[in-house]
Amino acid sequence: MTEPPLRLLLVDPDPASAFLLQQALEDEGFAVSTCTAAEPACGWLSQSSTFRLLVLDCQLPDAGIARLIGLARGAAHPVPVLLLCLGASEADRVRALEAGADDVLVRPFGIAECVARCRALVRRAQLQWQALPVLRLAVADCELELVEDEHRLLRNGEDVPLTPREFRLLRFLMAHPGRPWSRDELLRRVWGDLESLVLDPKTVDVHIRWLRLKLERDPSAPQLITTVRGRGYRCG
Amino acid sequence: MADSSFWGDSLQLVGVDGENGAMQPPLLVVEDDETIRETIRDALELEGFAVTACGNGRDALNIIQRTPEGEGFALVVLDLMLPGLGGLEVCRQLRQSHDNTPILVVSARESETDRVLGLEVGADDYLVKPFGMRELVARCRALLRRSGSQAVGSKVLQHANLSLYPEECRVTRDGLNLNLSPKEYRLLELFMQHPRRVWSRDKLLEHVWGHDYIGDSKTVDVHIRWLREKLEDNPSNPQHLITVRGFGYRFG
């Protein structure tokens, strides 16, 4: 199985140097999106959570750099930042690191070092992400990641807003992959805190339908949460 | 057990607890040149890190492997040209045994090939000698930050236009000081130390007000509202302190 190329966002106000670097990084197997200003880059970064690395050139305005670093670090998967500086002194490099850059590379640099630093940053970021208490489920072309501590669900890296009950239901199903659960069992395990209420087992069906509408590519032919006839529902 | 003979002369252990007893991330410095080793140690200790130092690769591996699980080093500063077992080999062996301790290589080998090799063998960063101690410290901090170590010694917690200075109990928004009550400050500090983490009202009460506080979890909501009025551009549409319906609050 070949790994999909790592997506990288390159922001460099000088189109010529951006072009050269993009070519070189693409030759090394990265998928590079290039931007020459901070504003559109902010838009891309906040809309898509599939970038794995942000490479910035120091000639961008300071406010733009600060904003991009803030977005990258607050992203669903925090995105590491490599800052490229022309002839930076030690003080400049220290300032950049303290401002939130993860690595600083001084121009002119060799492309091999740039690539090696990019890879090292991505490697560390992925280790961090894997260390989180995350439930994962991959079916066909869809990957779900449920982050317990943060009460978040990512579908192929994109945030999917869930209601509290949908979240609990999905967490329960994902914690027991492959095992089917009847409606009554699910009512007891997921709606147990509402024991004073008499709930209709149809409640489960309704929540499953809502989850499918949010998660499945084709909700009428579900792949992630399947119906096991005569038994109930199962995930994976 | 005769530790001193086992480790050899080059090993010097320094107390893990600083004078203030605060928990600081423990770092390991592996460097055979005593002058450089002590300079690095001084610089890092000055920043509040607990530093262990040794002078060769074999000792380094022994120390790391003998450290109990969960109390491992937050970072290793590793020289490459060591007597006996070289730094690259140390790095390779650690990664092969699935030890992912962050590694910052410091080396006089300055060619691009060497730098690439170091990073590919599993180092996280590569700093060429001679280097300034300020850059070394800044790179250590950056590496600790991205490897998830809450460096207590770190000076500032930043998020968007907010900065929190733990040592000064001060918070600024767009560079201007905010006037926070002690409870508001502690709430915000907790949130900023764990960005994106969702906190239930009960957990917040426990962490900020303490176990013995007798009160209503509505207290939390009230303080959150006050905080929002001070932090948010539009308190009714908060961007920092977000309500997570059914669970509690999160920051960022």
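Predicted model: local features only at pLDDT ≥ 70, side-chain atom pairs only at ≥ 80, totals over all residues.
Q: What makes two residues count as being in contact?
A: Their C-beta atoms, placed from the backbone, lie within 7 Å.

Q: What ipTM and pTM does the predictor give the complex?
A: The ipTM is 0.71 and the pTM is 0.68.

Q: Why is A:Leu169 called buried?
A: The cut-off is 20 or more other C-beta atoms within 10 Å. A:Leu169 has 25 C-beta neighbours inside 10 Å, so A:Leu169 counts as buried. A:Leu169 is found in helix H6 (residues 164–175) of chain A.

Q: Which residues does A:Leu169 touch, not counting those up to four places away in sequence?
A: They are A:Leu186, A:Val190, A:His207 and A:Leu211. As for A:Trp191, 22 residues apart from A:Leu169 along the chain, the two C-alpha atoms are separated by 8.6 Å.

Q: Why is A:Asn156 called partly exposed?
A: Partly exposed lies between the exposed limit of 12 or fewer and the buried limit of 20 or more. A:Asn156 has 13 C-beta neighbours inside 10 Å, and therefore counts as partly exposed. A:Asn156 sits in the loop between strand E8 (152–155) and strand E9 (158–159) of chain A. Its phi is positive, about 45°, although A:Asn156 is not a glycine.

Q: Why is B:His98 exposed?
A: Exposed takes 12 or fewer neighbours. B:His98 has 6 C-beta neighbours inside 10 Å, so B:His98 counts as exposed. B:His98 lies in the loop between H4 and E4 of chain B. The phi of B:His98 is near 60°, a positive value in a residue other than glycine.

Q: What puts the buried residues of H4(B) on the same side?
A: In helix H4 (residues 87–96) of chain B, the buried residues are B:Gly87, B:Leu88, B:Val90, B:Cys91 and B:Leu94. They cover an arc of only 160° around the axis, so they fall on the same side of H4(B). Their cover includes H3, strand E3 (75–79), strand E4 (103–107) and H5 of chain B.

Q: Why are the buried residues of H3(B) said to lie on the same side?
A: Helix H3 (residues 57–66) of chain B buries B:Gly57, B:Asp59, B:Ala60 and B:Ile64. Their arc around the axis is only 160°, which puts them on the same side of H3(B). The face turned away from that buried side carries the exposed residues B:Gln65 and B:Arg66.

Q: How confident is the predictor in chain B?
A: Chain B averages a pLDDT of 84, and 87% of the residues score at least 70. Over residues 1–22 of chain B, pLDDT stays under 50.

Notes:
Residues numbered from 1 in each chain as written. Chains lettered and ligands numbered in written order. Helix = DSSP H or I, 4+ residues; strand = E, 2+ residues; numbered from the N terminus. Arc of directions from axis to C-beta. pLDDT = per-residue confidence, 0-100.
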